[in-house]
Structures are given as C-alpha cells and as structure tokens.
Amino acid sequence: IDARYKDPKLSMNLRMKILMKQMSQQEKIAQMAQINRLEAEADPKILRKYSIGSLITAPDSPPGGDHRATAEQWVDMVNGYQRWSLSSRLGIPMLYATDSVHGHNNLYRATIFPHNVGLGATRDPELVKRIGAVTAIETRATGIPYVFAPCIAVCRDPRWGRCYESYSEDHKIVEQMTDIIYGLQGEIPPDSPKGVPYVGGKDKVAACAKHFVGDGGTTKGINENNTVIDWHGLLSIHMPGYYHSIIKGVSTIMVSYSSWNGQKMHANKTLITHFLKNTLKFKGFVISDWQGVDRITYPSGSNYSTSLLRAINAGIDMVMVPPNITEFVGVITSHVKNKLIPINRINDAVRRILRVKITLGLFENPLADYSLVDEIRTQAHRHLARESVRKSLVLLKNGKDANKPLIPLPKKTSKILVAGTHANNLGLQCGAWTITWQGQNAHNLTTGTTILNAISATVDPSTEIVYSENPDVESLKNHKYSYAVVVVGEPTYAETAGDNLNLTIPEPGLSTMMNVCSRVKCVVVLISGRPLVVEPYLPMMEALVAAWLPGSEGEGVADVLFGEYGFTGKLARTWFRTVDQLPMNVGDKHYDPLFPFGFGLTTKPI
Ligand SMILES: OC[C@@H]1[C@@H](O)[C@H](O)[C@@H](O)c2nc(CNc3ccccc3)cn21
C-alpha cells in the first residue's frame with residue numbers, strides 16, 4: 001500500500017490520484033454509500049469489509065438509543081465506527097453525518113436556536129454566521145464533522161410541512177442567509193478556486209445546501225410533490241441560493257424528494273450534472289435524501305435497480321441509506337459491468353467524496369476527542385441564541401388603540417396571568433428536529449428556559465404571576481389581572497406530518513386565547529412554523545407577537561415583551577388573511593395580505 005494519500009503535505013490532487021489508483025472498483029462503489037449507523041451497529045464488520053463512505057445518525061438514533069446521551073458518549077460511538085473503517089484495507093476514514101439544523105439538535109443539552117423561519121425575520125446574516133460557528137463547535141464536540149444544513153428552500157406556500165425550515169419566501173433573504181456556511185465551514189479564503197469545498201479547522205464542519213432544487217415550490221405545499229414552474233421561474237426563485245452556497249464553498253448539496261414539472265429531482269441529470277456540476281462548476285459531492293433513490297418509483301423501492309441506475313447516472317455521488325450495503329454494491333457493480341454506468345461516473349463521484357474528506361482533514365485526524373465537550377451550551381452560546389430569539393420575534397399588533405401600546409409590558413404590577421399550552425413547554429417552543437425527528441410535546445425534552453420561566457425571571461419580585469395552561473371561564477370572572485400573556489400555537493411536526501391545508505390555531509390554544517382575551521387585556525405570543533389564521537381574532541387581542549419556533553432560550557421572548565430590548569423583527573413571509581388566497585407571495589399581482597412581507601412594529605427599549 002502506498003499510504004502517501006494520508007500525508008497532508010502532499011497536494012489534494014496527488015493524494016487523490018495515489019489513493020484512487022489503489023482502490024478496487026468495489027471499494028470505489030462502497031465510498032458512494034451513506035449507511036444508517038444502525039446497520040453498522042448491527043454488524044460493524046461491514047465497515048472493515050467494504051470501504052463505506054459515510055454513516056448517518058438517522059433521526060432518533062442517538063448513542064445506545066439514549067436521548068440524553070452525553071457528548072462523550074457521542075464521541076465514543078463515532079470513534080467506535082471510525083476504528084472499524086480504519087481497519088479496512090486502505091483505511092479510508094468514514095464521514096459521519098447528522099442533522100444540525102438549528103444547533104446540534106440531536107444532542108441533549110445543546111444550544112437550540114430558532115428555526116430558519118425566525119432567522120429570516122432577523123434580516124441579520126452576520127448573526128446567522130455566528131449561529132453557524134456555534135453549531136459547528138457543538139457538533140464537532142460530539143465528534144461529528146458533517147451536517148445536513150443549511151436548508152435553503154424558498155417556501156412559497158405555508159401549507160408545506162417544512163416551511164419553517166425555509167428562511168423566507170423571498171430568495172434574496174435566502175441568499176443572504178447562506179452566510180451561515182461561513183460559520184459552519186469557516187470563511188473561504190479569497191484566493192480559493194470557485195466551487196471547491198472549503199472547511200477551515202477542527203471546530204468547523206462540512207455543510208450541505210438542501211434540497212436541490214425547488215423543494216419549497218410544490219403544488220399547495222404538498223411535501224415531496226411536484227414543483228410546476230418554468231425554467232426562468234426555477235432559476236430566479238429557487239436556484240440563486242445554490243449559486244451563493246457554491247461561491248461560499250459549500251461542501252455538499254442534497255437532492256430534493258420533489259419533482260420539477262413532473263420529473264423526479266433524484267433522476268434529473270440536466271439539473272444535477274449539466275447545470276449544477278458543469279455550469280455552476282460545483283466540485284463538492286451531491287448526496288441523495290433518505291431513500292430518495294427508492295422514491296424515484298412509486299411505491300418506494302419497487303424497482304430499486306432501475307432507480308439506482310437513474311440516480312447515479314443523473315449525477316448523484318452519495319446515496320443516503322441504501323437498503324443494505326451488499327445489495328448496493330452488487331447492483332452498481334452489475335450496472336458497471338453491463339456498461340449501463342460508465343466507470344468515469346464512479347470515478348467522478350469518488351473523487352468528489354474524497355475531496356471533501358481531504359478538505360476536512362479526515363485522513364490526518366480521523367478520530368475525535370473530548371477537547372470541545374466543555375464548549376456545549378456555554379453562556380456565550382446561550383446569549384447568542386437569546387439574541388437570535390429577540391431579533392426573530394415580529395410584533396404584529398401593539399394596542400387596540402395605537403396610542404396606548406401595551407408593549408413593553410410593565411414589570412411591576414399587582415397580578416398577571418400567563419396562559420396557554422406553549423407557555424411552559426420546551427419541546428413545543430423548540431419545534432421538530434429537536435432530540436427526535438418529529439420533536440416532542442414535552443416540558444423537559446432538553447435543557448433550556450421556557451417562556452413562563454423567562455417571564456418569572458424578568459418581572460418585579462412583587463408581581464404575582466398566575467400560570468394556567470387553560471384557565472376555566474369561572475376563574476376569569478372578576479379577575480384582578482393587569483394583563484395576560486397567552487402563549488399558544490402549533491404542535492411539533494416534521495416533513496409530511498406538517499402539511500396542513502387549513503392553518504388554523506389548534507385547540508385548545510384557540511379556546512384559551514378566546515376565553516382569556518375576551519376578558520383580560522392580553523398579548524398573544526404565537527409559537528408556529530408559519531403564519532396561521534388570526535384575522536377573526538385580532539380585534540379581541542390587545543397585542544400579537546409572531547415568535548415562530550424560538551428554541552431553548554425563552555428569555556429572548558421576555559426580553560422584548562418587557563422592554564429590555566426593542567422589537568426589530570420584520571416578516572420574512574407574507575401573513576395571509578385566509579388560506580384560499582394561497583399561494584400568495586410578495587411581488588404577486590394580486591396581493592392582499594393581513595400583514596405584508598416586511599411588516600413589523602418596533603418598540604424602544606426601556
Ligand atoms: O435526516 C436526514 C435527512 C434530512 O437531512 C432531510 O432534510 C430530510 O428530508 C430527511 N428525511 C429523512 C427521513 N426521515 C426519517 C426520520 C426518522 C428516522 C429515519 C428517517 C431523513 N432526512
């Protein structure tokens with residue numbers, strides 16, 4: 001074995017050449033697989049037998065299945081797999097991946113940031129870059145060098161279950177927010193060749209711009225469905241985020257489950273190879289989504305061999321969770337033998353994968369250590385998340401009489417009511433992709449500060465706080481509350497589970513809001529992944545705040561409610577009146593929103 005490919009003193013191209021020359025065809029093909037870590041857990045020897053390219057922490061599979069696993073346990077788990085990979089013939093390190101889409105959200109105690117819908121409302125790319133840097137540190141602290149972020153979808157219909165993963169309906173905001181890549185990967189040096197992946201250091205991670213392309217433009221927001229739009233529309237709305245990500249050195253790009261004008265993206269050679277690789281000169285690797293190859297056919301997996309042939313020839317370099325590694329290698333080997341997949345397609349894919357691994361320094365530092373575990377959930381990280389929450393909240397109404405604003409709320413008063421399902425529930429305020437894929441309606445899902453905790457910590461000690469998730473009408477008669485904070489909103493949801501055609505405020509939150517606000521001067525804090533139907537209830541609200549999915553640092557909500565800081569957030573999404581107006585986006589000819597794109601009342605800090 002000529003092991004000089006492990007020598008960081010050699011050039012990237014020389015190292016790749018030396019390595020590829022020695023790789024068997026089977027070892028090349030196995031590099032194109034990203035297997036579910038549970039497959040390797042069941043039979044770790046496959047990591048020695050095949051030179052498997054990558055492993056994924058499928059959502060809901062923390063170390064030992066323990067959702068409260070410590071950072072050290074994550075490091076030990078990742079290193080365990082890596083040692084098996086290093087014991088393979090050529091010892092090519094595997095690339096371990098996870099979804100850190102709003103902080104390292106699979107890690108218990110990690111700092112959880114607002115989901116992208118809130119970050120778009122901050123209009124602050126510099127803030128988002130800092131969020132990327134913290135996310136990289138907390139992810140690397142667990143030994144993981146690759147994340148499936150940022151999602152740069154341009155959500156054009158809030159009925160889409162993933163709309164909260166999109167920064168905005170306006171591609172210009174999405175383009176700006178690709179600055180998160182500088183935080184995740186490090187700032188690409190100015191003399192770097194365009195389109196080439198860049199990762200700058202052991203506290204940085206390889207990023208993944210997703211989901212290519214048009215994921216946010218499907219009909220009625222139906223997840224994984226069809227995006228009907230002409231070439232100009234696709235290029236001007238859904239594509240610009242990818243130019244900007246590539247210029248900023250993004251290492252990988254994930255393909256969308258959706259179709260463009262009836263053609264599955266996972267089989268679209270024109271867009272993946274001719275446009276992304278040849279026209280935009282993207283030099284990192286293209287990865288499928290989970291079973292995205294299987295879903296080329298309906299039912300999923302009904303003709304895996306054909307799906308795999310079409311996906312690889314379309315230009316996909318790495319396949320996320322093939323059914324099993326043996327079949328994956330077998331099927332592709334036979335397609336190559338039968339001249340259905342050209343060997344230079346395999347070589348192109350492997351070169352791209354190795355380029356990212358070498359850029360990451362994975363060969364010289366394949367094993368992680370505990371050196372960053374004390375960087376998790378530091379005060380500095382919590383303060384950044386709290387700042388993000390403050391800047392993401394949008395004040396939509398402040399006073400039935402605009403001359404008598406309710407916010408900033410007085411800290412010192414006799415008695416206040418805090419009500420609502422979302423007032424004291426960390427799981428609900430973080431949303432999905434938190435500890436578990438779908439998230440959980442659980443108070444102590446992870447560590448953090450609920451909105452109730454934050455209010456209690458902010459008001460004057462002499463102020464009495466009454467907390468009731470859903471106060472009964474009796475208790476509201478002859479009340480003595482100076483005002484009420486009513487925190488209600490959506491359940492947690494991910495992907496198709498979040499598709500919703502009516503977008504009403506769910507019960508019991510709606511009733512709680514009506515019971516309280518018809519009797520007590522109230523500010524409603526809406527915890528949601530998108531705009532919801534509020535027009536009929538506006539008159540009874542004294543004030544209304546869109547808080548989106550703020551994450552673990554609930555103090556950011558109290559900070560602006562009580563005037564520690566002023567409201568500055570601006571809508572990054574049009575707030576419709578009724579769902580039959582949808583889709584309705586800024587710039588449309590017929591535009592009659594309840595609150596327009598860019599709307600947001602401001603307040604002065606006290
Ligand atoms: O988690 C990996 C990817 C994620 O990065 C994509 O954005 C998303 O489309 C996506 N969906 C799944 C499928 N969901 C799943 C949930 C729990 C266990 C296994 C798979 C995986 N992934």
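Tutor: Let us begin with Arg377, which in this predicted model is buried, with a relative accessible area of 12%. A residue counts as buried when its relative accessible area is under 20%, so the 12% of Arg377 puts this residue in that class. To find Arg377, look in the loop between α15 (343–359) and α16 (379–392).

Arg123 sits in the loop that joins α6 (116–120) to α7 (125–140), and with a relative accessible area of 28% it is partly exposed. A positive phi turns up again at Lys339, which follows α14 and has a value near 60 degrees.

That brings us to helix α14 itself, which runs over residues 325–337, 13 residues in all, and spans 18 Å from its first C-alpha to its last, close to the 18 Å expected at 1.5 Å a residue. Its buried residues are Ile325, Phe328, Val329, Val331, Ile332, His335 and Val336. When you look down the axis of α14, these buried residues fall within an arc of 165 degrees, so they line one face of the helix. At the start of α14, a side-chain oxygen of Asn324 comes to within 3.0 Å of the backbone nitrogen of Thr326.

A contact from a side chain to a backbone nitrogen can also be found at Thr436, where a polar atom of the side chain lies 3.0 Å from the backbone nitrogen of Gly439. Thr436 belongs to the loop between α17 (426–430) and α18 (451–458), and it is buried, with a relative accessible area of 8%.

Two further loops hold cis peptide bonds. The bond from Phe212 to Val213 is cis, with omega near -10 degrees, and Val213 is found in the loop between β5 (208–212) and β6 (226–227). The bond from Tyr298 to Pro299 is cis as well, with omega near -5 degrees, and Pro299 lies in the loop that runs between β10 (285–287) and α13 (304–314).

Finally, turn to the ligand, which has 15 residues around it, and of these Asp99, Arg162, His211, Asp289 and Glu495 come nearest. The residues of this shell divide into nine nonpolar, one polar and five charged. Several side chains can be followed to particular atoms of the ligand: a polar side-chain atom of Arg162 lies 2.7 Å from an oxygen atom of the ligand, and a polar side-chain atom of Lys210 lies 2.9 Å from an oxygen atom of the ligand. For Glu495, an N or O atom of the side chain is 2.7 Å from a nitrogen atom of the ligand. Taken on its own, the ligand has 480 Å² of accessible area, and the protein covers 91% of that area.

How values were computed:
Residues numbered from 1 in each chain as written. Predicted model: local features only at pLDDT ≥ 70, side-chain atom pairs only at ≥ 80, totals over all residues. Heavy atoms only, no water. Near = heavy atom within 4 Å. Polar contact = N/O pair within 3.5 Å; in protein donor to acceptor, adjacent residues only side chain to side chain. Areas by Shrake-Rupley, 256 points an atom, 1.4 Å probe, with all protein chains shown as cover. Nonpolar A, V, L, I, M, F, W, Y, C, P; charged D, E, K, R; others polar. Helix = DSSP H or I, 4+ residues; strand = E, 2+ residues; numbered from the N terminus. Expected span 1.5 Å × (residues − 1). Buried < 20%, exposed > 50% of the residue type's maximum accessible area, 1.4 Å probe, protein only. Arc of directions from axis to C-beta.
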